[in-house]
Amino acid sequence: MDDEQNEGRLYRGFERYQEFVETQNAFLFLQSSQNLDDSTKELGLLTKLSMILDEYQEQSYLLDPYLEQLVAPVVDQLNVHAQRLQPLSGDSSQGFKVGRLATLMYYYIKFRGYKTITRFFPHEITDLSVALNYLLLPGGLPQDPAQWPLRYVMLLWLSLICMLPFDLAQFDERGSVGHTASQIETVGKSHLNKAGIERDAAAILLARLYLRKDMHTSLPAFLDWCYQVIRNPAEPFSAIGCTRVLCEVTKAGSADLVQANYIALLDITRSISEHPTLLNNTIMRKLRTKLLSRIAVRLLPSTGPRTRRKGPLLSGDDEQASPSCHEEIDIDVPEQVEEIIEELFQALQDKDTVVRYSSSKGIARIAERLPKDFVEQILDNVLQSFSIHSIGMARMYEMPAIAEATWHGACLACAEMARRSLVPDSRLSELFEWMSKALYFDIRQGAHSIGSNVRDATCYVLWSLARAQSVDALAPLAEPLAQQLVTAACFDREVHIRRAASAAFQEYVGRTGLFPHGIDIIRKTDFYAVGTRRHAFLVAASEVAEHVEYRSSLLEHLISVTIRHWDPAMRELGAKSICEISKLDTSSLVLKCSERSEYLTFPDVGDIHGALLTLAELAATCHDIPELVEVRRQIFSYISRVPSNIVQSPRHELVTAAACQLIANSVSVSELKARQTASVPEWRKITDFALKSRSPTVQEAAADAMAALSKLIDCSPVVQRLIRDAKPTSPPVQQSLCRILGVLDYNAHPHGLMQAVEHLLASVDSKAPTFISNVEARKNACASIPLILANVLPNISDHISPDLSRRMYGALQAGLADYTMDERGDVGSWIRMVCIKGLADVAELFLTNAPRIPNFADYLPAKDYQRAVGGILKQGVERLDNVRQQAGHHFLRLLVLHLPDVPDIAQWRIHGESFMKELFLSGDDTVGWNEGAWIYPKAVQLLDIPAYRESLLAGLVLSASSRTDSTQRPVSSSLVNYAKTLAVSNDDPTKYSLRGLVGDLIAPASRNLLSNAIVIPALQTFNVLLEADALEPLYEDEQGLASLRSLLLAATKNAARIKNVQRILLSMRIVVNLLPVPTLRLQCVVQLPIFLAHQYPKVRGDTAEYLYLVLQSKDLGLETDEVEDILLETAWTSSDISEARDAAQQCTKVLKDSIS
């Protein structure tokens, strides 16, 4: 929970500094302690330090002012240990301590980087022998395989010392010149084959060793050793380590050093390319690419910083950056450099991003040192990479998947060259032409697409151009570039690309000022505005389209790209965005967009779906505009262009749903009346087909279409036909019919209202012959009942009688008792949730309009309303979180509902209204009813309200028997605590008592002994109360004992013939838990053999175990030692039941004798 809250949080400073310091001091104190019992506490402190550092990982620079005072004490303690040179003894406790100290140092390095942290390491000349001897100590801690953080830290420390300008020979003994250097080299080489992070530290150590002037002569020997290792690698780790060393040497080494050994270096790169196993390793290819590029850079002369052409500074200064005087020097480019560039171009198409990125940086760095002619040749080659896979391709989607790597590498190379001002002004138009295509690079691959990294890299290119090119060079491209970036910022599928395009747009506005309405567009498409896809499409895009310069490009992209997108969600948003933009100039834009209907005849189903969605949205836009009636009619006519085999295919549900949506939004009276000359002769077939679809989406769209039709014509024939066709063998028709009957406009036309209502009522009545077993159909029927009442409310007395209204409301109340189960679980909860909403909607509808409803009390009797409130409260305390949340939401709606001024309105007032408002509406609680720990302590208090007591208790009992711990635990504890606050009896009948609670709990179980669904939850609830001694006050009360005797009877009646194991075990627990009741003890003992000698071994074993626990934990006032011995010595789960019978009889006899 804390991680979710901290994610994305921005800090102003190291707010937990004091806490961190105190924790680290405590950790270091335990480090110096010799007490081995502190190990667990020490580990806990280390974990806490790690969690705090992780919290600030994204803003690690905030710790920079504190790093020295934080890191120095840890380093000092590690240094002290290293100076002791303690070998690893049999007692590993000290090893664990030092290992944890090194782990803390590793956390710091991971947090801020080794270059920053190693600055705080001791770096005196004398430290060389300390660090080196510690690493070489036989049997020392660094030799322990588990101490990798210690090895990593010590190798970094040794690498830092190697940078000091002193002669290593001064540490050598007489006659052993070069011994110290050889030891360091040996230590480094020994760790190059490690798979862990110490390999990287060893590579840094060796690189810094060979960069020393007194070690230059040793580099050729090391290169020969690397060549042999890479040529015949036993595993890839040693080759990776060697290559990493060479990359560090060529990066930080002088040009003379690299030029003196470049042949050997190139031989090593060739040996890597000749080894297939190494080439299959991504890290190896990346390091080889780095090595090649760094060799080439060192083979070329440094030409100094190239002129950076920039726009106006962000500070607003109008002066351009003055070009530095840099003369072009004509140089001879070595042949090896040309070969390296060729290899880098190959790496630019690598399958892995890290390799492509390394190659692009290498190409740009090499180009920076080359003459202009060579730079243009390199740029030519990069731009030609775009055309490798795009020649002859009509659409971006037709490119092969391999084109992604090529285009991404080319974009990265362009970006790196643009950053370094290596793109001449004359090539900007060509580069922009390719970037315009790359900005929409998207290749579908199965159920997803590839190309987001290409689009992201394109934004990087355009961002780089804004920082490096002159304003004059960018001016001719400003408007189309602004349109392209805004389009990507609003309509790209991925959030990081929308934000990248927005950032590039802001860079141009700030540095060039060339984009039209730049500042206003920035405000509308900033980081947060484009962060949510829906907001970017429907809000940001329409706001940008207010500027005419961007409107046409936005619409063109939506029509040509977005509504043809592979993702249906993008097509839907694209259609809605077209609608929003069209509202800016409805008369012209709606017609213009609707005429682009050519996609309806395309073979791609996605194109057809997007076009239908767009036409449906446009039809809805011109619905209430008289001037666009003809346009709306024309839009309706476009349905005829869609092939019937597609729109009426079960495989193309999205197209069918979109066609129904288009019919709903564009159908007119003239089309309905024209039968022979209708422009769309098959629109009726489309709706009929959709009504029989299995897809809920299509059914909903078909219902919308029928709702629109019902406003124009009488749909009674359709309703009658559907009712005839709604057979039990046709669940889809049943679902569609039950959904449609609720959306028809019964005020406009009759539509067979009475027949529709009777069908819905019969569908959800389990006793009716036409009862529908399909859960989805019953859910739709329950959802339709309140919709019909809302529809006919203005003239309710003309359509529905009070008796029918009460039957409809009663059907919703009956739905609260639907607990249908199937392989999907409690599917009846779908119906209960719909009924909860329906009951609240109808009650709010009637109560709000009570003054306008004749005989209001007959339509919604007060007793029915109060029963509905009780039913909703029952659902509000049941076991399913989502049902509780739904019930709580709608109950609070009714609680705050303002009652109308009608006679006897107090009867409809919720009982205990003020108490409930104080309980649920006072305070700032934001926790919902789905949280059991929050709702149940409050819900049990509602048992003090007699009107809802029975319903609430039924819901609490069901929750107490839940197998979900998050529900069962809080409801059980809440019931126990509430029961303990009750008096045994109460003279006031409205006040609850313990007698009343027990009586209300046992009554439903006694009446329904054959129903496990009722008996099991009741027994479980009683066990909870008995185990917590909540019913102990009843042991001396006559009425209370009578209730407990009834409980014992309900638990043991026909117990030997019960087959449900859960009920048997719960009954057994009731019997055992009632043993402490003196009056009932003998009756309980008599029942024990039923369970101790039961036919099921599990029942026998559980009974013996539970009986033993009760005898041990509760004082019965009897001698039970002999019984306990029998329970422990008998093999109750044995297959020989005779032994169990004998033991059970013996236990019973002993207990009877003790009682008497």
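Which helix holds both Tyr460 and Trp463, and how many residues apart are they? Select helix 22 (residues 452-468) and you will find the two of them there, three residues apart, about one turn of the helix. Helices here are DSSP runs of H or I with at least four residues, strands are runs of E with at least two, and both are numbered from the N terminus.

Before moving on, a word about what is on your screen. This is a predicted model, in which local features need pLDDT of at least 70 and side-chain atom pairs count only at pLDDT 80 or more, while totals for chains, interfaces and linings use all residues. Residues are numbered from 1 along each chain as its sequence is written, and side-chain values use heavy atoms, with hydrogens and water left out.

**Stop 1: aromatic rings**

The structure holds 28 aromatic pairs. Rings of Phe, Tyr and Trp (its six-membered ring) pair if their centres lie within 6.5 Å; planes under 30 degrees apart count as stacked, over 60 as edge-to-face and the rest as tilted. Tyr460 and Trp463 form a tilted pair, 6.2 Å from centre to centre with 35 degrees between the planes. Trp463 is partly exposed, at 27% relative accessibility. (Buried means under 20% relative accessible area, exposed over 50%, and partly exposed in between, using a 1.4 Å probe and protein chains only.)

Next, select Phe505 and Phe515. Their ring centres are 4.9 Å apart and their planes stand at 50 degrees, so this pair is tilted. Phe505 sits in helix 25 (residues 495-511) and Phe515 in the loop between helix 25 and helix 26 (518-524), so the pair ties together parts that are 10 residues apart in sequence. Phe505 is buried, with a relative accessible area of 1%, and Phe515 is buried too, at 6%.

For a cluster, select Tyr11, Phe14, Tyr17, Phe20, Tyr56, Tyr66 and Tyr108, which are linked by ring pairs.

**Stop 2: charges over rings**

Show Lys189 and Trp225: the lysine lies over the face of the Trp225 ring, 4.6 Å from its centre. Then try Arg212, which lies over the face of Phe166 at 4.9 Å from the ring centre. A charge sits over a ring if NZ of Lys or CZ of Arg is within 6 Å of the ring centre and within 35 degrees of the ring normal.

**Stop 3: two histidines**

Most residues other than glycine have a negative phi. Go to His517, in the loop between helix 25 and helix 26: its phi is positive, about 55 degrees. His517 is partly exposed, at 37% relative accessibility.

Now select His751, in the loop between helix 39 (731-740) and helix 40 (753-764). Its phi is also positive, near 60 degrees. Is His751 buried or exposed? His751 is buried, with a relative accessible area of 0%.

**Stop 4: a helix crossing**

Colour helix 34 (residues 653-666) and helix 36 (residues 683-691). Their axes come within 10 Å and cross at roughly 125 degrees. Axes are lines fitted to C-alpha atoms, for helices over the stretch in contact, and angles run from 0 to 180 degrees between N-to-C directions. The two helices are therefore oblique to each other; angles under 35 degrees count as roughly parallel, over 145 as roughly antiparallel, 65 to 115 as roughly perpendicular and the rest as oblique.

**Last stop: a loop residue**

Finish at Ile639, in the loop between helix 32 (629-637) and helix 33 (644-647). Ile639 is buried, at 4% relative accessibility.
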